[in-house]
Structures are given as structure tokens and as C-alpha cells.
Amino acid sequence: MADVFRHMAVGLQSSGKTTYAAALWYVVDAGEVPTVLLKGKHIGDHRYLETLARRWEDGWQVPRTKTLQHETVTMNLKDPRSGADIALRFADLSGETFEKAFATRSLSSSAASSFDGIQNLMLFVSANDPPDHLTMIDIAMELDEDVNEEEIDEDSSEEPVFDSAKTPRQVQIVDFLDSIRQPPLSVKIERVAVIVSAWDKRPEHNDPARWLTERMGLLDQYLRNSGVKLRVYGVSAQGGDLPDKDNPPPVGDLEGLKEQHRLLSLAKASKRVEVAGNGASEHDLTHPIRWLSGLEGE
């Protein structure tokens, strides 16, 4: 019996995981470009994935998961070299679900069950997010300042209201990663592939690992000191800024439509995809998944 590897794709709101799922489904189904993994055997209802892939192929934005919507889809892939079967689970919880978990310190039973049997994570962050330059040292200093605060406003009768939305995204991500590794979930993570989405917005150096160090220092330091094996990939799964089919642009705003026309003019839709880092082929969205499975070297 072939080995079976089970991984999960996670990320906060607008981190690009749904677009990645749509593009990945299209790329492995169409077979237009070389990929290290091939489409595996699929059983069951995959209309959700097919709808996403069709929207992607037609050059529209892939619709973001609605708040608290819970769509769990598993994409089965096959490694032709080893014969291993690989299952990538897109527990497509909206980013708001994870953000709510950060604020309330609780996760619904359906969300928690998505982690059953998971071995490794594909973690999505976006190159579109503004940098906050936080590091572990910054967090430690801030905590120390809170403990040693000398000036207390005795006239204040109310505690300030905590607003989770103002918490830096990488703080939320680190908290989430640390929380799922603790009881009651106790997810045993050995590998994390960080996917920096919207890589078409990348800096000139075109180095995803450097981007993570420079733009999300806290997350980078946490991952490199948490005992997991780490790789960072840059991915442009959409190819550019596309119009929203459900919310057409105002009259005269043609930028999105021009970008759509440019992408649709490519002979092979799979060539809209761009992947950078760790020796991955230019359009191969399966490369990070093969590495997560321990089949692509260290």
C-alpha cells in the first residue's frame, strides 16, 4: 500500500489560499505545464473546487470564503516517482474564523475536527499586507513595559476594550500556530511551507525567504525556533489584479479588465501562475506540497 500524506492549508483573511486552491485544481487537471505531482483519484462531490477553478480560468477574482462558512475539500495528488498518495486539505474556513478564535480563545468543533490526522501545514501570507516589522524582541520589550508600567491612571474607571482587529496579523498567526500545537488539539507539525501569495507584488530581489525575514520577522523567528522544518515559496496564483465578476468596476475604470484581457490572451491558462523559491519550476504549484510530504529533500 502506498504512503498517504495529509496536509492542511491555512491562512488569515485575504491570504490567497482560495485562489491557490482554484489554480492548483486547474493546473493538475489541465496538465498544460510540468508538475512534480499529478492529479490523484478523487471520490465524492468536488463542485466547490470546480466552481472556483472555472472562475479562475475565466479571468475573474476567485470569491473569498464567506464569514464562518465551512467548506472542507481535499485535493488528492499522486507522486509518480514514489507512488505516494498526498491529500491536501483545504479546510476553507474564512480568515475571520481564525481571527475570531484569536479574540475568543475558542474554535468550533467543526473547525477543530479539520485538523484530525494532519501532519504538516501550508501557511498562507500575502505580499499585499503592509509590513509591521515586529520581532520576538519587540514583543518581549512590550510585555516588560506592561509589567513595569509605573504610571497608572487612577481616575480611569474602565479597562480599555480589546480590539483584536488592531492586533498585527503575524501576532495572530503565531498565536494560532502555537495554540494548535497545544492541548486539546495537539497537532504534531513537522513541516511548514509558507506561501507568500500575490508574489507579483514582490520586491526586486525575488527571494521569498528574505521577504519573510524582512516583512514578517516575528513569524520568521517563531518558525525557525519552533523545531519545524521550513520552506518559503513566492506564489502568484492569479497572475495580477483581476476584476470581481459579482461587483463590476465603475464605468471608466479599465485597469482590471485590461489585466484580465492580458491573462486571457495567454495560450495556456496555467502559465498565469508564477512560483519562486527552492528550485520549483516556474508554474508548478505542486512543488511545495511534495516537499511537505518529505519527498523533495530537506
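In which loop does Ser270 lie? Ser270 is placed in the loop between helix H9 (255-264) and strand E8 (274-276); helices (H or I, at least four residues) and strands (E, at least two) are DSSP runs, numbered from the N terminus. The model is predicted, so local features need pLDDT of at least 70 and side-chain atom pairs count only at pLDDT 80 or more, whereas totals for chains, interfaces and linings use all residues. Residues are numbered from 1 along each chain as its sequence is written, and side-chain values use heavy atoms, with hydrogens and water left out.

**Overall composition**

- The protein has 10 helices and eight strands.
- Of its 298 residues, 47% are buried; buried means under 20% relative accessible area, exposed over 50%, and partly exposed in between (1.4 Å probe, protein chains only).
- Among contacts (heavy atoms within 4.5 Å) between residues at least 6 apart in sequence, 79% join residues at least 24 apart.

**Surroundings of Ser270**

- Ser270 has a relative accessibility of 0% and therefore counts as buried.
- The side chains of Ser270 and Glu32 are joined by a polar contact of 2.7 Å. A polar contact is a pair of N or O atoms within 3.5 Å; within protein, one must be able to donate a hydrogen and the other to accept it, and residues adjacent in sequence count only if both atoms are side-chain atoms.
- Not counting residues up to four places away in sequence, Ser270 touches Tyr26, Val27, Glu32, Val33, Trp56 and His283.

**Nonpolar cores**

- The largest nonpolar core has 41 residues, and those with the most contacts inside it are Tyr20, Leu24, Phe90, Met122, Leu285 and Ile289. Such a core is a set of buried Ala, Val, Leu, Ile, Met, Phe, Trp, Tyr and Cys residues joined through side-chain atoms within 4.5 Å.
- Helix H1 (residues 17-30) gives the most to this core, contributing nine residues.
- Another core, of 34 residues, lies apart from it and includes Val10, Leu123, Leu219 and Leu230.
- Ile289 touches His7, Tyr20, Leu24, Leu37, Leu77, Ile86, Leu88 and Met122, not counting residues up to four places away in sequence.

**Packing of H1 against H2**

- The axes of H1 and helix H2 (residues 47-57) come within 8 Å and cross at roughly 90°, which makes H1 roughly perpendicular to H2. Axes are lines fitted to C-alpha atoms, for helices over the stretch in contact, and angles run from 0 to 180 degrees between N-to-C directions. Angles under 35 degrees count as roughly parallel, over 145 as roughly antiparallel, 65 to 115 as roughly perpendicular and the rest as oblique.
- On the H1 side, Thr18, Thr19, Ala21, Ala22, Ala23, Trp25 and Tyr26 meet Tyr48, Leu49, Glu50, Leu52, Ala53, Trp56 and Glu57 of H2.
- The residues of this contact divide into 10 nonpolar, two polar and two charged; Ala, Val, Leu, Ile, Met, Phe, Trp, Tyr, Cys and Pro count as nonpolar, Asp, Glu, Lys and Arg as charged, and the others, Gly among them, as polar.

**Helices H7 and H8**

- Six of the eight residues of helix H8 (residues 217-224) are buried, so H8 is largely enclosed by the rest of the structure. The buried residues are Gly217, Leu218, Leu219, Asp220, Tyr222 and Leu223.
- The axes of helix H7 (residues 208-215) and H8 come within 5 Å and cross at roughly 115°; the two helices are therefore roughly perpendicular to each other.
- Ala209, Leu212, Thr213 and Arg215 of H7 make the contact with Gly217, Leu219, Asp220 and Arg224 of H8.
- By class, the contact of H7 with H8 has three nonpolar, two polar and three charged residues.

**Backbone features in loops**

- Most residues other than glycine have a negative phi, and most peptide bonds are trans.
- Pro183 and Pro184 are joined by a cis peptide bond, with omega about 10°; Pro184 is found in the loop between helix H6 (169-180) and strand E6 (191-197).
- Ser14, although not a glycine, has a positive phi of about 60°. Ser14 sits in the loop between strand E1 (4-11) and H1 and, at 48% relative accessibility, counts as partly exposed.
- Ala198 likewise has a positive phi, near 55°. Ala198 lies in the loop between E6 and H7 and is buried, with a relative accessible area of 17%.
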